Amino acid sequence: MGGKFTKILSLALIAGVLFISCAFAPARFPSGASVNGVDLAGLTHEQAEEAVRASLRRELLQKQLTIVVDGRKYVYRYPEINAKTDMAAALAAAKKGGAHPLSITYYLVRGEAVLCGICDDFYQRSEDAQMSFQPSAAEPFSFRAEKSGRYLDGAVLSRAVSQAMETGSGEIRLQTARTPARITIAKLKELTCLLASFSTKFNAAAAGRARNIALAGKKLSGTVIGAGEEFSFNAAVGERTKANGFCEAPIIFEGDFVAGVGGGVCQASTTVYNAALLAGMQIVEYHPHSLSVGYVEPSFDAMVSGKNADLRFINGTAFPVYMICDVKNGKITVSLYGKKSAYTYRRESVVTGMLPPPEPEYAEGENAKLRDPKQGLTSCGYLVKYKNGVAVEKKRIRSDRYAPVRGVLPKPAEERDDLARNFTIS
């Protein structure tokens, strides 16, 4: 009886151990279960997951993305190419048996930064052409050519990479785009065309006058009148004083030629005036001389004097105007440069009357200041406007009266003899 009980107890203990072992054994995938083509039969969950990952890794090692931009190549492989999957859901479904696909989404690791880096490699900012104005140089305008920029369209690159990542592989070929400069050397040259040039001659041997003209020209040269800005001769040249470098030379004062500081500067202002007229500038202020002058036709002079008489004009164009003043060999030339106009201009001086000088005065003695009589005159100035060589407008711009000059002559010999005969010594 005792031996039979012991045998039954031993069998019971063996059965309990087998039951406990079966209860705690890991679950395994049934026969025919697979994920992404990987047979999972008899594998535990951990083993199945590792098997699927290994298969995915082998696939990733076959993936390659090649980006070629302007002949430059960028190649990306695993681990730069990686994938996101629904592995957990696929394994859970496979525990019930059957074959289950794996949803795979390939992506480029740190894709945004990678693509931005490629775009940065090709980005080049465009550079506008540059112009330098040096009025004293043989070629007053020098230019630096523009440089085109370039860029890679980031949106196009991103879309192409997204399409390639649908399969995890592919080759993308792209070209950069050019960005033209906003300001080209051709445009700058269009803004530095010669608009007009005007010259007057002077006696270079008259040292004081010649020096004043040269000094005024030096102060004027290099002046830039911006679009819509006003030019003032007095502001550009400054006061005609010895402190400002000017010296004494003949000037016209109250209808007579007298010595004064800055004599000759009016010839510079007259030359500027005529260049401005021919360039189509809008004259705001000018003043005629009281006497006619020999260096320009009547009704085309422009006297300046201190603060009371100025030469002013407005640059009515939409672009800067550049002034160059050249003084040499007894000639002053003023040239204005800017955007070429469709119009050109010509001056016409018309003398409308002559004014005889008054009866001369007579003087005697070695120190007598003599002066030739000079006729006065009346005149008009016209400006003729042309387009394509055809006159489209003729406008009278001014009318002037230049006073005659009373002569101062030596006293006739007979009058001197009469005085001598009437003179007696007592």
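Student: Which residues touch the most other members of the largest nonpolar core?
Tutor: A nonpolar core is a set of buried Ala, Val, Leu, Ile, Met, Phe, Trp, Tyr and Cys residues joined through side-chain atoms within 4.5 Å, and buried means under 20% relative accessible area with a 1.4 Å probe, protein chains only. The largest core has 40 residues, and those touching the most other members are Leu220, Phe231, Phe233, Val272, Phe313, Met323 and Leu336.

Student: Which helix gives the most to this core?
Tutor: Helices are DSSP runs (H or I, at least four residues), as are strands (E, at least two), all numbered from the N terminus. Elements supplying at least two residues include helix H7 (207–220) and helix H9 (265–278). With 9 residues, the top giver is H9.

Quick note: this is a predicted model, where local features need pLDDT of at least 70, side-chain atom pairs count only at pLDDT 80 or more, and totals for chains, interfaces and linings use all residues. Residues are numbered from 1 along each chain as its sequence is written, and side-chain values use heavy atoms, leaving out hydrogens and water.

Student: Is cysteine 247 buried or exposed?
Tutor: Cysteine 247 has a relative accessibility of 16%. That value makes cysteine 247 count as buried.

Student: What about cysteine 325, buried or exposed?
Tutor: Cysteine 325 has a relative accessible area of 9%. So cysteine 325 is buried.

Student: How many disulfides are there?
Tutor: A disulfide here is a pair of cysteine sulfur atoms within 2.5 Å. By this rule, the count is 0.

Terms used: Buried means under 20% relative accessible area, exposed over 50%, partly exposed in between (1.4 Å probe, protein chains only).
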